[in-house]
Amino acid sequence: MRSEELERIQRRRHQNRMAARRFRQKRKSSEESLVQTIEELRRTNVELEQKAEQLRREKNELMEIVATHRNFCPFFQHELVGDAVSDSIP
């Protein structure tokens, strides 16, 4: 082979090695970014699950307060009697 051909082959091999290196670096960076995104989403998910559980507990507490209030509220008891009377009228 001539010197020019060897030089061209070496230049192409070098370019190929550099392209392969860039590709590996880009792929590694992309994978690291995805891992970081996954970790952030998992943390957010845990926080949202905790908030949802807190809101469920708060809802249950408020439902109990309303149920207790209905038993002692004269207005609500009067409303029930009025509904019963209006339901019985043909």
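Let's start with the record: UniProt, in an unreviewed entry, puts a "coiled-coil region" at residues 31–68. Those UniProt positions follow the numbering used here, the feature name is shortened, and the annotation may be inferred rather than shown by experiment. This is a predicted model, where local features need pLDDT of at least 70 and side-chain atom pairs count only at pLDDT 80 or more, while totals for chains, interfaces and linings use all residues. Residues are numbered from 1 along each chain as its sequence is written, and side-chain values use heavy atoms, with hydrogens and water left out.

What does the model show for that annotated stretch? Residues 31–68 are 100% helix and 0% strand, and their end C-alpha atoms sit 55 Å apart. For the protein, the count is 2 helices and 0 strands; these are DSSP runs numbered from the N terminus, with helices being H or I over at least four residues and strands being E over at least two. Helix H1 takes in residues 3–72.

Now for the surface. Of the 90 residues, 1% count as buried, where buried means under 20% relative accessible area, exposed means over 50%, and partly exposed is in between (1.4 Å probe, protein chains only). The accessible surface comes to about 8900 Å², with 54% of that belonging to carbon and sulfur atoms. The areas come from the Shrake-Rupley method with a 1.4 Å probe, and for residues only the protein chains shown count as cover.

On that surface, Arg-13, Arg-17, Arg-21, Arg-24 and Arg-27 gather in a patch of positive charge. Patch members have over 30% relative accessible area and no salt bridge; like charges are joined within 9 Å, and nonpolar side chains (Val, Leu, Ile, Met, Phe, Trp, Tyr) within 5 Å. Lys and Arg count as positive and Asp and Glu as negative, with His and the chain ends not counted. The place of a charge is NZ of Lys, CZ of Arg, CG of Asp or CD of Glu. Arg-13 counts as exposed because its relative accessibility is 55%.

What about opposite charges? Side chains of opposite charge can pair when their charged atoms come close. The structure holds 4 salt bridges, each a side-chain nitrogen of Lys or Arg within 4 Å of a carboxyl oxygen of Asp or Glu. One of them links Arg-2 with Glu-5, with the closest N and O atoms 3.9 Å apart. Arg-2 is exposed at 53%, whereas Glu-5 is partly exposed at 30%.

Arg-11 and Glu-7 also meet in a salt bridge, at 3.9 Å from N to O. They are 4 residues apart in helix H1, so about one helical turn separates them.

Further along, Glu-53 and Arg-57 pair at 3.7 Å, N to O. Both lie in helix H1, again 4 residues apart, about one turn of the helix. Salt bridges with shared partners join Glu-53, Arg-56 and Arg-57 into one network.
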